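Reader: Please take one part of this model and describe it closely, giving the cut-offs behind each term. How is that part put together?

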Amino acid sequence: MLIMRTSLDAKSDFLSGNEALAQGAYEEGLEVAASYPGTPATEILEYLSGFAQIDSQWSVNEKIAFEVALSSAIAGKRSLYASKHVGLNVAMDPLMTSSYTGINAGFIVVTCDDPGLHSSQNEQDNRLIARMAKIPLLEPASPSEAKAFVKEAFEISECFDTPVILRLTTRISHTKENIILGRRKESGRKDFKINAAKYVMVPANAYKRHIELEKRLTRLKAYAQSCPLNRIELKNKKIGFITSGVSYLYVKEMYPDASCLKLGFTFPFPDGKARRFAKSVKELVVVEELEPFLEEQLAIAGIKCRSKHPSFRIGELKPEYIPYIVKGKKKPEEERNARRPVLCPGCPHRLVFATLKKLKVVVTGDIGCYTLGAAPPLSSLHTCLCMGSGITFFEGFRRTIKEKVVGVIGDSTFVHSGIPGLINLSYNQTKGLVIILDNATTAMTGAQPHPATGVTIKQEVTKKLILEDVCVACGADHVDVVDPYNIKGLEELIKKRLGEDALSVVIARHPCKLLKREKSAPTLYLEEKCKKCYLCMAIDCPALRKNDDGSISIDAELCAACRLCVSVCNPKALQRK
Ligand SMILES: Cc1ncc(C[n+]2csc(CCOP(=O)(O)OP(=O)(O)O)c2C)c(N)n1
């Protein structure tokens, strides 16, 4: 639901780190915001879209979001890009050269990293990207700092003519804090002045801009030494911690009396301040999640510190682990006993995966709710790397193995990065079957609209992308639309297309069950007919339960009446009511 945030009704609000950052950006006169959904970053744009003064958009993918936001800044409006850590990989191309062009009005790049992989395909540390892209990096420790750091970020951006990376992690993005709300300042537009030497990155211009960039980094480094975001807290001098982001709060919790160099501005690294701090304490310990980023900066500056055990490069940090870092010990073994992932009852994806399992095909998958098709007992998605790879991996497998292969991809992911893959199949004369799992939303990240839903982030009706037409234009020989709830029809169609020497796309279209709960009578179970074969349990529906006496129960609350269990029950113990 879209909440319009036009007036200041309250003095404070209980906000997550993402919301606090967005509130800060609003107050600092942000005018343009662009993103593609991704946990843990999604709520930043959702919150911003509630402000009438901010031109917010879900872009088709992160590269586009980055370019829309950066170009708006160059054209003169304060702008913001936000994504999860892997989203920034998609935007790497413009990001790497944005430090050369610089900005005009302030431009903030928010990356929300996910140490511990709560909902991601990897746990890369994007602080390394800041260093590679030569862009200043700010790391708040809490939601209130996330808000305060936006102001600093805009000021640094405009003062040094550079994008600024603001890095949150899941714990900061999703932790809530009482946040003081302020009034919006109009930041004032900047005029755009034609300047090819600055904005046209051909080699001769880019070479000169690279020289400028190096000079800027020297000035930024000098600023980082005096910047109030980097502060020395001198207490007990026996041990001194250098830390940034949420790790600072963990240090405070475990060692409240220790001295700290609390870093908020971590690249370029304030080595002068670090050297001063190092001299004032007996032992120096760096506490940071994932990569030894600060530690490496200290090593470059020739400042000795205690290295964390390499086991701490993996997974999230917890306050209780800090004594292990202090003693140079290995991270304690963790049990990752997360809830077993399962598709929702009535999820249209389940019907497709049950069919693919029956047909015993190799399935190259992609990222979305449908990645859960990989989990037993369905076990019918066999690769998943990154967004868009469901189609491109299909090509590699199809050209390599003898078995039948099917590529699957969600509707939002198809628009994000699947379309070039489909063109590549057609252009390189690869035949076979791709299935687009079209549930009319970006379900995995909380049901955001995308171009094929015909609705914008502000819930306005817009031009709707017709997936069938796109597939034809990309070169598919056959494009069929089928409702996966028509289980027989779906199986017959897949079999038919698999048997042909053509490039086919099947769009399996049924809205996500969480978009609209349809009221339909739950499936019936007739125990007297049940042969206890448990084929029904192999579809992994949360509405079905095997009782201690061997019978089956159906949870009427959960049953979405998709009838998949009815279709697999040979003795007809499961029936349509
Ligand atoms: C580069 C990148 N951006 C964003 C994400 C977060 N994310 C994972 S899957 C997904 C899209 C899922 O939507 P869709 O393809 O429609 O599948 P559904 O979840 O609806 O089944 C998103 C945005 C990501 N993992 N990688």
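Author: In strand β18, Val506 is the bridge partner of Asp480. The model is predicted; local features need pLDDT of at least 70, side-chain atom pairs count only at pLDDT 80 or more, and totals for chains, interfaces and linings use all residues. Residue numbers start from 1 along each chain as its sequence is written.

Between the two strands the chain passes through helix α19, residues 487–498. This β-α-β crossover from β17 to β18 is right-handed (with the strands pointing away from the viewer, the path from the first strand over the helix to the second runs clockwise).

The pair is part of an open sheet of five strands. The order across the sheet is β14-β15-β16-β18-β17, and the pairing is parallel. Strands β14, residues 362–364, and β17 stand at the edges. Each of these edge strands has a single partner strand, so one side of β14 and one side of β17 are left without a neighbour in the sheet. For β17, the neighbour in this order is β18. From one strand to the next, the twist averages 25° (axes are lines fitted to C-alpha atoms, for helices over the stretch in contact, and angles run from 0 to 180 degrees between N-to-C directions).

Two helices that pack on this sheet complete the description. Helix α15, residues 348–358, touches β14, β15 (405–410), β16 (432–438) and β18 (residues are in contact if their C-beta atoms, placed from the backbone, lie within 7 Å). The direction of α15 makes about 155° with that of β16. Helix α17, residues 411–427, also packs on the sheet and touches β15, β16 and β18. Its direction makes about 145° with that of β15.

Conventions. Helix = DSSP H or I, 4+ residues; strand = E, 2+ residues; numbered from the N terminus. Pairing = 2+ DSSP bridges.
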